[in-house]
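This report describes one structural model for a reader who is new to the subject. Please keep the sequence and the structure in view while reading.

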Amino acid sequence: MAEETKAPSAPAESSSSPAPSESHGHGHRPGPRGPRPGGGPGGGGGREGGRKYFRRKKVCKFCVEKIESINYKDVRLLAQFVAESGKIVPRRLTGVCTPHQRRLSSAIKQARNIALLPFAGRAN
Amino acid sequence: MNRTYEVMFIVRPDMAEEDLDKLISTLETAVSGTGGTVKSVEKMGKRRLAYTVGRFHDGVYVLLTVEGGGGLIHELERRLRVTEPVIKFLTVRIDEEQKRLDKIKKIREARKKPAPAPAATPEGGETAAVTV
């Protein structure tokens, strides 16, 4: 039993050992350096926890549909990115890319100022 | 220094139509008086406000596109502030955004057109890079 438990742990150790030994000169740096190559191709955080579920890749609506102008007058578009409470929905939930989120949030704020969108709570 | 601005303002819903027209025409004369030009006036009609402003739940939205310098906007906003039936206004500078949009449009058209023309080589290279 003891041998069996040892056997699986040994390869794992051996596979991880080269990375720290390579970067010994950097002191305690190997930690962040090691996981990065492994984490990249792995894709999605689903693997780390051992749970295997399919998570749909979020894409930026503005990039995909090639919407260039994010205007404060376009309430229907902006309303898709405002929660029911009136908050701007964060990027990590909507998948909007950074440059577009920046324009989006400023457009929403302009729309709020002219009473097209609510500051808090539902419109109407 | 010519810039393009969009001035959106809301007037109270119980205002008479002819009073609104009069207000808009006075604003127009104010714009031309300070050395600007009115490019367009759009009455967007009555809309429900997202929140109560003063004691109003509705408002008549008017969009004014003007061209001119900052002094013009200063004067225009002062007038809007003084005018009682105007309950809210917002000024947005739009020329730079328009410039950006025109640029993107141009790039897109340029990319579309040369596909069958001799300039097909750069596109081919691009697709090759994507597949690799």
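Among contacts in chain B between residues at least 6 apart in sequence, what percentage join residues at least 24 apart? The answer is given under the heading on chain B.

## Basis of the model

This is a predicted model, in which local features need pLDDT of at least 70, side-chain atom pairs count only at pLDDT 80 or more, and totals for chains, interfaces and linings use all residues. Residues are numbered from 1 along each chain as its sequence is written, while chains are lettered from A and ligands numbered from 1 in the order in which they are written.

## Chain B

Chain B contains four helices and four strands (helices are DSSP runs of H or I with at least four residues, strands are runs of E with at least two, and both are numbered from the N terminus). Along the sequence their order is β-α-β-β-α-β-α-α.

Two residues are in contact if their C-beta atoms, placed from the backbone, lie within 7 Å. Among contacts in chain B between residues at least 6 apart in sequence, 75% join residues at least 24 apart.

## Where the chains meet

Twelve residues of chain A are in contact with 13 residues of chain B. On the chain B side, two or more residues each come from strand 1 (3-11), strand 2 (37-53), strand 4 (86-93) and helix 3 (95-112). Strand 2 of chain B gives the most, with five residues.

## Confidence in chain A

The mean pLDDT of chain A is 69, and 57% of its residues reach 70 or more; pLDDT is the predictor's confidence in each residue, from 0 to 100. Over residues 1-46 of chain A, pLDDT stays under 50.
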